[in-house]
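Good morning, and thank you for joining. Please keep the display in view while I speak.

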Amino acid sequence: MSAGRPKDEGTLVERVFWRFTLVILIGYALLPVVWLTSLSLKPSGDLTDQRFFPRAIGLEHYAAVFRDPQFPAALGNSLGIGLIATLISVALATLAAYAIVRLRFPGRQAVLVGALAVAMFPPIAIIGPLFDLWRLLGLFDTWLGLIIPYITLTLPLAIWTISAFFREIPWELEQAARVDGATRLGAFRHVILPLVAPGVFASAILVFIFAWNDFLFAAALTSTTSSRTVPAAIAFFTGASRFEQPTGSIAAASVIVTIPVVVLILLFQRRIVAGLTAGAVKG
Amino acid sequence: MSRQVLDERRLGWLLCAPAVLAMLLVTAYPIAYAVWLSLHRYDLRFPDQQAFVGLANYASVLTSEVWWRSLFNTLLITAGSVAVELLLGFGLALVMHRALVGRIALRTASLVPYAIITVVAALGWRFAFDPTTGFVNALLGLDQAWLSERWSAFVVIIATEIWKTTPFVALLLLAGLTLVPPDLIRAARVDGASAWQRLVHITLPLMKPAILVALLFRTLDAFRIFDTVYVQTRGAQDTETVSIVAYQALIARLNLGLGSAVSVMIFIGTILIALLYVRLLGAGALGRGGRQG
């Protein structure tokens, strides 16, 4: 990543220019997050003051969001559905990626191209059939009803990124282990898996973000608090009464669900970037 | 063919089978089912009237003004957002590439728009442009009901899309930018090429695959835009996109036959866009993935 970086420090004007640009860009990236945070902290009376920063700070909207049964339920659903879908998708993708990178068999190219085709697939095209099927199979408004499409639609991303990480493994280590008498499975578990773990983890983060963000399936395939996830709950959120503006509550809920994402980014930004660009360009 | 080769083949197929099955079951089968549905009168509110109607649903879609307007809206949003994202993304990538200080802070910050829930981002911008709660009007000294008028609503929708996805474009372009050999740039500078000439004659041609990949993914993504429009206007003020039209027919009106016809049309549109880019990229570029193993 650091190749081609100019080593000269530049003149004072240049340094000021770069620093200024940097601040502008970071501000631009964080603008809506700061704005929603500010909105969520404004007391109800100040919500329409049209100011960017709050004049006074209160936590009433956060209290309201947790008093309402919709939001805590949605938070639990989002976490559960997202984690289960991520676990299964990444496990299946790891098996497939190992085969694609490591074994010679006809059709391995087809798997990668097929995965790419699925990645381009418009989800709206299968909403109708899934809606109909899920009602017949009793999967409508259940966790499984969302987990299944999330696995499918994240597999391409997982397969491509994990394959890209697999290609950078020194495979001589596996051969050495097998010469020493380890089985293929033993060598995979004890030698290869620890090496690819960071890459697999990066894919897991991307897959989780996908499931955590999805609105279309959540809106179409759920209807109650038993499986409605955060994006749908926030989009359909209504105030306690018809006359109450839920703006403050929506802002508070938005901030709460953005915090985990920001923490993930702060901890793993390097790996997330590697995962996002792996396969897309070098592949 | 030796036993070992056969064993390796069998293991390869075995390991890929679960992933391939999972992908086929929830894409190929439902799309086939969608095609079947699109050829029938199939309205969940009138389940007794189910009947094969041939291409009648497609005829209704293709002769309806709603479809053509939504297609126009979708293409407008796609063209507007992708063009600006590419320009801004390239600028952002150049800054990330050149920045001496704070490149990690910049990269971290620019991941926030990518990772934030689209619904949340769309609501944030909706509140910002709202005439009563928002700060935008106060900032610009305007009195504009942004989301209550068609063209200003498009401005908000496109701005939201641009904010959300420019960093993703920038990261893809940055990966392409790091593949440009610095020696080549230095040599050109020694030979007297201006910054503009270096950009046009060296950097851009070498980045062509990265640019096309970013364009391909963003065009397809923008073409299926749903969340932002749904949250910001619900398709009011004539801002419906094709995905909104399909969703309303399928889920709000429970007309699976007609809605599936719209879905199949969107699917065909996606294929056409993908084919166009694959042609531009050259068939070889996409297939290279598995060859390095």
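I shall take the two chains in turn, then their contact, and finally some individual residues.

This is a predicted model, in which local features need pLDDT of at least 70, side-chain atom pairs count only at pLDDT 80 or more, and totals for chains, interfaces and linings use all residues. Residues are numbered from 1 along each chain as its sequence is written, while chains are lettered from A and ligands numbered from 1 in the order in which they are written.

I begin with chain A. Its secondary structure comprises eleven helices and zero strands; here helices (H or I, at least four residues) and strands (E, at least two) are DSSP runs, numbered from the N terminus. Along the principal axes, the C-alpha atoms of chain A occupy a box of roughly 75 × 70 × 35 Å. Of its 283 residues, 47% are buried. By that term I mean that 20 or more other C-beta atoms lie within 10 Å of the residue's own; with 12 or fewer a residue is exposed, and in between it is partly exposed, the C-beta atoms being placed from the backbone. Among the contacts in chain A with a separation of 6 or more, 74% join residues 24 or more positions apart. Two residues are in contact if their C-beta atoms, placed from the backbone, lie within 7 Å.

The domain assignment divides chain A into domain 1 (12-58) and domain 2 (68-277); such bounds come from an automatic or database domain assignment. Taken over C-alpha atoms, the centres of these two domains are 31 Å apart. Their contact takes eight residues from domain 1 and eight residues from domain 2 of chain A. On the domain 1 side there are four nonpolar, three polar and one charged residues. In this classification Ala, Val, Leu, Ile, Met, Phe, Trp, Tyr, Cys and Pro count as nonpolar, Asp, Glu, Lys and Arg as charged, and the others, Gly among them, as polar.

Where does H11(A) bend by about 90 degrees? The bend is at Phe268(A), and is the angle between axes fitted to the seven residues ending there and the seven starting there. A straight helix of 31 residues would span 45 Å, yet H11 (residues 247-277) of chain A spans only 36 Å between its end C-alpha atoms. The expected span is 1.5 Å times one less than the number of residues. Because 22 of its 24 residues are buried, H6(A) is largely enclosed by the rest of the structure.

Thr142(A) is partly exposed, with 17 other C-beta atoms within 10 Å. Its C-alpha atom is 13 Å from that of Gly82(A), 60 residues away along the chain.

Chain B has 14 helices and two strands. Its C-alpha atoms fill a box of roughly 80 × 75 × 30 Å along the principal axes, and 43% of its 293 residues are buried.

How do the chains meet? Their contact takes 90 residues from chain B and 92 residues from chain A. Helix H1 (residues 3-25) of chain B gives the most to the chain B side, with twelve residues. By class, that side has 60 nonpolar, 23 polar and seven charged residues.

The largest nonpolar core has 167 residues, and those touching the most other members include Ala93(A), Leu155(A), Ala19(B) and Leu173(B). A nonpolar core is a set of buried Ala, Val, Leu, Ile, Met, Phe, Trp, Tyr and Cys residues joined through C-beta atoms within 7 Å. Helix H8 (residues 150-177) of chain B gives the most to this core, with 16 residues. Leaving aside neighbours within four places in sequence, the contacts of Leu155(A) include Ala93(A) and Val118(A), together with Ala19(B), Ala22(B) and Met23(B).

I close with backbone geometry in chain B. Most residues other than glycine have a negative phi. Asp238(B), however, has a positive phi near 55 degrees, and is found in the loop between helix H11 (227-232) and helix H12 (242-252) of chain B. Leu254(B) also has a positive phi, near 55 degrees, and is placed in the loop between H12 and helix H13 (256-281) of chain B. With 17 C-beta neighbours inside 10 Å, Leu254(B) counts as partly exposed.
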